[in-house]
Amino acid sequence: MRMIRVTQSSFFLALLLGVLGCVTAGDIKLSKLYPPINSSRTAADYQAESTSGMVVSAHPLASAAGAAMLDAGGNAIDAAVAASFVISVVRPQSTGLGGGGFLMFHDAEAQKQRVFDFRERAPIKASANMFLDESGEYKKINYFGHEIEDPSVNGHLAVAVPGTVKGLVEIQQELGKLKLAVVMGPAIEAAENGFPVYRGLAEAIIERQKWLRIYPASRRLFFNGEQPLVEGDALLQRELAATLREIAASGTQSFYEGALANKIVSEIQRGGGIFQMADMRAYRVIERSAVTGHYRDRKIVSMPPPSSGGTHIIEMLNMLETKNVSSMHPRGATYLHLLSEVMRRAFADRAKEMGDSDYVTVPVARLTSKSYAKTLMKSFDSEKVTDSKSLAGALPTGESPSTSHISVVDQWGNAVATTQTVNYSFGSCVVAEGTGIVLNDEMDDFTTKHGGANVFGLVQGSKNDIAPRKTPLSSMSPTMVFLGNGALEMVVGSPGGPRIINAVLETIVNVIDFKMPLLEAVHATRIHHQWMPDSLKVEAKSLDLETKKTLVAKGHKISSIKFIGDVQAIQKRNDGMWIGVSDSRSDGRPSGSGVAP
Ligand code: DON
């Protein structure tokens with residue numbers, strides 16, 4: 001496999017680029033932006049440069065696999081699919097073959113974007129109150145003597161029909177240039193030969209050990225006897241390697257109609273889940289129309305329903321456009337108050353208006369219109385917060401290490417933004433016997449109980465009620481930004497549940513209004529507000545005392561959080577260079593195509 005390579009900015013190169021007005025990774029002190037999780041890594045570890053293509057993902061092996069496809073003459077789709085399959089192997093806590101996702105493809109020749117929805121769907125037997133008992137409280141499920149709490153988050157009933165395999169395979173077969181088996185090669189190798197457990201993975205196993213321990217195939221994979229795997233142990237996934245080989249040979253057949261489908265359905269039924277072979281056979285990837293908007297002189301293209309992400313990013317940008325953001329300080333109280341008030345308004349709409357647009361009416365055109373943004377901003381008060389209850393329309397306790405975003409551009413200027421997930425960390429925590437596949441818990445993204453909050457603290461509305469074959473509402477926001485002349489400027493996305501929407505928004509505003517170089521735009525500290533509960537989340541130690549005091553005086557209820565999002569982004573710099581940046585909040589690294597070692 002191709003070795004990963006990242007920019008080594010020498011002093012002289014930095015000096016030269018400095019003279020030319022370009023900023024290199026070496027110029028930026030990461031400690032001023034965000035404290036890196038691993039202090040042995042420097043800013044240069046998070047930025048790569050290339051003129052011929054770029055892959056940015058949340059694991060070095062995935063980025064390297066993608067870049068290897070570009071080097072072998074593959075296009076952005078080949079690279080994105082290769083990186084996605086590797087991410088499925090090396091980030092089982094985040095995403096995988098038992099999950100789902102969204103992918104946006106920018107076709108440089110046609111100058112068009114295509115958007116694919118391969119998110120999980122509710123089983124045919126699903127129903128609105130399936131997680132509740134007669135008194136309207138969450139059911140407790142008995143699994144071989146274990147009591148399963150939160151059955152929409154843990155265990156077999158939480159699993160929705162997975163879409164990742166159909167999505168990746170069908171998209172690659174239609175739009176890729178290389179053979180599927182070639183594109184899947186690095187993932188098979190990573191599963192077969194193993195890789196060292198890194199800190200984020202070890203921590204995720206600890207966090208979910210209670211559940212991973214009770215499902216036999218999960219315990220065999222992520223434990224060494226009775227002990228959870230620790231950093232530095234090898235994670236070997238031979239069954240997953242065999243599963244990947246079967247997909248490389250049969251395409252989607254075995255997974256949706258054949259032997260693999262049988263194994264997945266047997267696992268679901270053994271644990272009291274409700275989906276059947278008919279659900280697997282009925283699974284379809286849906287091509288949708290992107291949601292678009294304009295912000296200042298840029299065009300924003302993002303994910304439509306069943307994601308709420310694109311709609312609210314554009315809605316929030318429209319609100320911000322009514323103010324002179326670039327005259328504000330990016331960490332000052334004036335901007336942070338405005339930003340959180342804009343978030344509060346958009347998330348109130350999320351709760352009220354959003355759901356799967358194949359089942360309910362979602363007023364995307366209204367929500368993304370400039371006139372609606374102006375109406376929303378009429379109640380904005382620069383001196384005090386708006387009461388969330390006055391807006392027609394909840395919060396996570398800690399950032400889950402699940403979901404993963406990949407950004408890609410190729411030598412022809414095609415691009416891919418794809419965000420994929422098993423929902424919460426390790427999804428349902430169930431690994432299907434004989435497959436190595438971690439099954440999702442995407443059912444929890446529905447409104448499972450009216451007035452209740454999901455695992456990310458989101459209080460959601462009736463438009464997002466469960467129904468057979470419906471898609472749960474998502475926040476995943478693969479997004480692209482285009483210059484006024486139509487040229488692609490940025491590819492961006494993040495995990496983080498509801499925080500995805502705000503992390504993507506903040507990165508875009510940092511670039512467009514504050515003119516930050518991408519490395520700085522991604523690493524600048526972030527805030528998050530999601531309407532309910534009325535809490536302004538800020539990254540730990542990111543506000544100076546004065547700013548905090550001013551925000552509190554305006555009525556903000558501030559609480560701090562370790563980190564918000566894990567952005568993987570690419571930007572075309574003025575000199576024509578593609579800059580790839582991985583967020584130091586997690587484990588990612590960018591990998592440029594054709595970059596000398
Ligand atoms: O689709 C969604 O919005 C969620 N299932 C994403 C979950 C997620 O990003 C978890 N990450 N930290």
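**Entry 1: the second largest cavity.** I began with the lining of the second largest cavity. I listed Ser 88, Pro 92, Thr 95, Gly 96, Leu 97, Gln 237, Leu 240, Gly 436, Ile 437 and Val 438. I noted that the model is a predicted one. Next I sorted this lining by class. I counted five nonpolar residues, five polar residues and no charged ones. For the volume of the second largest cavity I wrote down about 70 Å³.

**Entry 2: the largest cavity.** I moved on to the largest cavity. Its volume is about 130 Å³. I found 18 residues in the lining of the largest cavity. Asn 423, Asp 445, Phe 456, Ser 475 and Gly 497 lie nearest its centre. By class, this lining has six nonpolar, eight polar and four charged residues.

**Entry 3: the domains.** I then looked up the domain assignment. It gives domain 1 as 16-49, domain 2 as 58-287 + 406-464, and domain 3 as 296-399 + 476-574. I also checked a distance: the C-alpha centres of domain 1 and domain 2 are 33 Å apart. Where does the largest cavity lie relative to domain 2 and domain 3? Both domains give residues to its lining, so the largest cavity lies between them.

**Entry 4: the ligand.** What takes up the space of the largest cavity? I found that the ligand does. I counted 15 residues around the ligand. The closest are Thr 403, Asp 445, Ser 474, Ser 475 and Gly 497. I sorted the shell around the ligand by class and got four nonpolar, eight polar and three charged residues. Domain 2 and domain 3 each supply at least three residues of this shell.

Entry 5: I looked at single atoms next. Glu 442 has a polar side-chain atom 2.7 Å from a nitrogen atom of the ligand. Ser 475 uses its backbone: an N or O atom there lies 2.7 Å from an oxygen atom of the ligand. Gly 496 also has a backbone N or O atom by a ligand oxygen, at 3.0 Å. Last, I asked how much of the ligand the protein buries. Taken alone, the ligand exposes 350 Å², and the protein buries 99% of that.

**Entry 6: looking back.** I went over my lists once more. Ser 475 is among the residues closest to the ligand. Ser 475 is also among those nearest the centre of the largest cavity.

Conventions:
Residues are numbered from 1 along each chain as its sequence is written. This is a predicted model: local features need pLDDT of at least 70, side-chain atom pairs count only at pLDDT 80 or more; totals for chains, interfaces and linings use all residues. Side-chain values use heavy atoms; hydrogens and water are left out. A residue is near a molecule or strand if one of its heavy atoms lies within 4 Å of it. A polar contact is a pair of N or O atoms within 3.5 Å; within protein, one must be able to donate a hydrogen and the other to accept it, and residues adjacent in sequence count only if both atoms are side-chain atoms. Accessible areas come from the Shrake-Rupley method with a 1.4 Å probe; for residues, only the protein chains shown count as cover. On a 1 Å grid over the protein atoms alone, a cavity is a set of points where a 1.4 Å probe fits but cannot get out, and a pocket is an open set with protein on both sides within 12 Å along at least five of seven lines; lining residues have an atom within 4 Å of a point. A molecule sits in a cavity or pocket if more than half of its atoms lie within 2 Å of its grid points. Ala, Val, Leu, Ile, Met, Phe, Trp, Tyr, Cys and Pro count as nonpolar, Asp, Glu, Lys and Arg as charged, and the others, Gly among them, as polar. Domain bounds come from an automatic or database domain assignment. Grid points are joined across faces, edges and corners, and a volume is the space filled by probe spheres set on the points.
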